[in-house]
Amino acid sequence: MYNAIVGQSGGPTAAINASLAGVIKKTCESEKIGKIFGMLNGISGMMEERIVDLSSLGSDEDKLSLLSKTPASFLGSCRFKLPEEDSPIYDRIFDVLEKYQIRYFFYIGGNDSMDTVLKLSAFALKKGKDIRFVGVPKTIDNDLPGTDHTPGFGSAAKYIASTVREISADSSVYNVNSVTVIEIMGRNAGWLTGASALARYKGFGPDLIYLPEHTFHFSQFYDDIAKISKNKKNIVVAISEGARTKDGKYVCEAVSNGIVDVFGHKYLGGTARVLEGFVRKKFGFKARGIELNVSQRCAGHLLSKTDISESFQVGSSAVELALKGKTGIMTAIARMSNAPYRSECVAVNIAAAANQEKTVPRHFISERGNDVTEDFIQYAAPLIAGEVPVEFENGLPKMLVLEKEA
């Protein structure tokens, strides 16, 4: 009997472990799979044979439930880009797979992680290896093509909408002119920043929303602030960290120093601080820049029921597809209806998702480029619906922690 292995890669989310729980539960229910192993720190950990047996979790409903509500990557993560096929790294990976008698390989991650699945499945096909490689999507950025939305986005959007609403309420208490600029994750895709619009309720929420899909003009920004300030003292602005000017430069590049990660992506951050300074200098208003940063992806105390349920389902569906002989695919979410909201899991070719980005379409952005449209609201609102009961311990949200051997 052959075994399965699962790993997590890229940035963590509040829902990534729900997908892991789905993979574990479904593999343990199958009579065709022996054990389910977990790779510590993704593919890089697997090459070092840092592997744990997760089989005992499959029959523990309480732990699986807690795992589904635990933020961050239970197995740890990595940011490792596989080289081209002629590298000896592939021989090492397949030696480990053979040693542990692995036939089913599941990798939970985003754009770059799907590249790993694409390359491994292609190598297996070329070498005649009967191993099924299936990608399980996750990313709070919601920028994976091939799926209506990604697991992790709904909970991050719920946190952002709630937090922006609370910040808006906080900023409104003083009778002075103020501008609060909230910087939200999103390098090239503004899905998360757009979700701040869901905060609008009884006068709260952002007054202006700027996404990276629309060119940022400082002159327009000043005009927008000036116009709103005629009728409102306390202005709240939501802006993507990846907002760019017409010359293609990030608004925040003055403080980012051009540092890049292993994939060549620039480290972003500082957009809110930059605009805070410009507002203060231009208008003399009280100004504050707030960077939500990693709290957007690690807030496990405010989960979307829709998101956690779908995240579990894509993990479970990945196993079902692998058992049917599918490989070189990614599980995806298809929206079947919006009112009432209903979705199904489907399979898409991994090449449709790897190394590609899905940005916010133009009809989701206002004509002036300083807000989102009602179409965006209709798209995003169902994804934050429902609450997940959170277990508490010593006054804090309880989390499942992997017990590693000494």
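Is E391 buried, partly exposed or exposed, and what is its relative accessible area? In this predicted model, E391 is partly exposed, with a relative accessible area of 32%, where buried means under 20% relative accessible area, exposed means over 50%, and partly exposed lies in between (1.4 Å probe, protein chains only).

The model is predicted, and local features need pLDDT of at least 70, side-chain atom pairs count only at pLDDT 80 or more, and totals for chains, interfaces and linings use all residues. Residues are numbered from 1 along each chain as its sequence is written, and side-chain values use heavy atoms, with hydrogens and water left out.

**Salt bridges**

Side chains of opposite charge can pair when their charged atoms come close. The structure holds 20 salt bridges, a salt bridge being a side-chain nitrogen of Lys or Arg within 4 Å of a carboxyl oxygen of Asp or Glu. The table gives some of them.

| Pair | Distance between N and O |
|---|---|
| E48 and R50 | 2.8 Å |
| E391 and K69 | 3.4 Å |
| K158 and E387 | 3.1 Å |

In the pair of E391 and K69, whose closest N and O atoms are 3.4 Å apart, distant parts of the chain are linked, for E391 is in the loop between α13 (374–380) and β12, whereas K69 is in the loop between α3 (61–68) and α4 (89–99), 322 residues apart. Helices (H or I, at least four residues) and strands (E, at least two) are DSSP runs, numbered from the N terminus. While E391 is partly exposed, K69 counts as buried at 14% relative accessibility.

The salt bridge of K158 with E387 also links distant parts of the chain, with K158 in helix α6 and E387 in the loop between α13 and β12, 229 residues apart. Here K158 counts as buried at 9% relative accessibility, whereas E387 is exposed, with a relative accessible area of 57%. Elsewhere, salt bridges that share partners join K25, K26, E29, E61 and E320 into one network. In the pair of E48 and R50, E48 counts as exposed at 53% relative accessibility, and R50 is partly exposed at 29%.

**Backbone features**

Most residues other than glycine have a negative phi, and most peptide bonds are trans. Against this background, N41 has a positive phi of about 65° although it is not a glycine; N41 is found in the loop between β2 (33–39) and α2 (42–47) and is partly exposed, with a relative accessible area of 26%. N394 has a positive phi of about 55° and is not a glycine; N394 sits in the loop between β12 (392–393) and β13 (396–397) and counts as exposed at 78% relative accessibility. A cis peptide bond, with omega of about 5°, joins A339 and P340, and P340 lies in the loop between β10 (329–338) and β11 (341–349).

L144 has its place in the loop between β5 (132–137) and α6, where L144 is buried, with a relative accessible area of 0%. L144 and A352 are 208 residues apart in sequence, yet 8.9 Å apart in space, C-alpha to C-alpha.

**Empty space in the model**

Rolling a probe the size of a water molecule over the atoms shows where empty space is left. On a 1 Å grid over the protein atoms alone, a cavity is a set of points where a 1.4 Å probe fits but cannot get out, and a pocket is an open set with protein on both sides within 12 Å along at least five of seven lines, while lining residues have an atom within 4 Å of a point. Grid points are joined across faces, edges and corners, and a volume is the space filled by probe spheres set on the points.

The structure holds 1 cavity of 30 Å³ or more, and the largest cavity has a volume of about 40 Å³. Its lining includes Y210, H214, F216, R368 and G369, and the lining residues divide into 3 nonpolar, 5 polar and 1 charged. In this count Ala, Val, Leu, Ile, Met, Phe, Trp, Tyr, Cys and Pro are nonpolar, Asp, Glu, Lys and Arg are charged, and the others, Gly among them, are polar.

The second largest pocket has about 240 Å³ of space. Among the residues that line this pocket are V52, D53, K63, F74 and E403, and by class the lining has 7 nonpolar, 1 polar and 4 charged residues.
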